[in-house]
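Here is a walk through one structure, from a sheet to the cores. Keep the model open as you read.

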Amino acid sequence: MAVRAHTAIRYEPSAADSPFARDVIAGLTARPKRLPPKYFYDEAGSQLFEQITDLPEYYLTRCELGILREHGASIGRLLPADTAVIEFGSGSTRKARILLAAAPAITAYVPIDISPEMLAEEAAQLRRDHPHLTVLPVEADFTKPFHLPAPVAEKARTGFFPGSTIGNFEPHDASAFLRHARRMLGTGAILIIGVDLIKDAAVLNHAYDDAAGVTAKFNRNLLARINRELGADFDLDGFSHEAFYNSERRRIEMHLASRKRQKVRVCGRSIEFRAGETIHTENSYKYTLGSFGALARGSGWKPLAAWTDPNKYFSVHALAANH
Ligand code: TRP
């Protein structure tokens, strides 16, 4: 059938068949119910996450910043000359700034983030603070293949993956990510990666269930976002935040537990919850220095060095691409 040029046939992708909607429906119709953690980070979620990093219970960020400050110069000495730092999930870029100050070898910075607002703000600020640094922001989901900006091809490449975000992958996916990073960064690459360590369960539990309830708010923001963007009708007070260390699987599990039996409308569907039924929203796997080293070696990288804070709560590893 011929379509005349003046006939305006417009396809408006409706919220109901966006990738977000598809992932939400797939997760909420699965058993047990789950939601992909990458959707935590809309603007509200990114701001809440920044607040988490300042919480007294959330030792991870403080420990990692301490390690980077203390050992930044040693890390810098392991980097090749004229290197681009490619940061996976850059957020506030606070940690990259410490590396930039400590390592003159860094001549370009490529922050990759899923939140365009955060990315634009941080890039502008960094250009002001480091006029000689080439800043090349990339808006992308770093777990999927994406292209590095062309100017990076002429430089040595250093991956930077702080925050123990690697712990939010299933071990198998963590290995796949490390292999993917190895391929993308290429021969001669270095990877600087933050990894949270196994420790007393009470310390772990408090870090993910703080007294002020910020982590609870962050977790529930996922439901608020589904309401906002997909027109769902989650009653936020009907779900409670649950976080606990599963010592057998060496991970913190985060859930949203339905406080009662209830039905929720999401994208034209009715999703039923039993009282106490949970939506599993995230895992945060914990490693030892040895177990992470083994994972790295099995994923295309050679461990060069690792640093910890005095309590051995957190670690930063330097890895070199294998051949
Ligand atoms: N990767 C960090 C961690 O696992 C940060 C993080 C990701 C986080 N998702 C979170 C912290 C949810 C608290 C709650 O700790």
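**Sheet, cores and one arginine**

Strand E1 and strand E12 (residues 278-285) run parallel and are joined by two bridges. Strands are DSSP runs of at least two residues (E), helices of at least four (H or I), numbered from the N terminus. Strands pair if DSSP finds at least two bridges between them. This is a predicted model: local features need pLDDT of at least 70, side-chain atom pairs count only at pLDDT 80 or more, and totals for chains, interfaces and linings use all residues. Residues are numbered from 1 along each chain as its sequence is written, and side-chain values use heavy atoms, leaving out hydrogens and water.

Arginine 34 has histidine 280 of E12 as its bridge partner. The open sheet has four strands in the order E1-E12-E9-E8, with mixed pairing. E1 (33-34) and E8 (239-246) are the edge strands, each pairing on one side only. Helix H8 (residues 214-230) packs on the sheet and touches E8, E9 (251-258) and E12. Contact means heavy atoms within 4.5 Å. The direction of H8 makes about 120° with that of E8; axes are lines fitted to C-alpha atoms, for helices over the stretch in contact, and angles run from 0 to 180 degrees between N-to-C directions.

The largest nonpolar core has 63 residues; Ile226, Phe234, Val266 and Ile279 touch the most other members. Such a core joins buried Ala, Val, Leu, Ile, Met, Phe, Trp, Tyr and Cys residues through side-chain atoms within 4.5 Å. Helix H3 (residues 59-78) gives the most to this core, seven residues.

Arginine 269 lies in strand E11 (residues 269-273). Arginine 269 is partly exposed, at 43% relative accessible area; buried means under 20%, exposed over 50%, partly exposed in between (1.4 Å probe, protein chains only).
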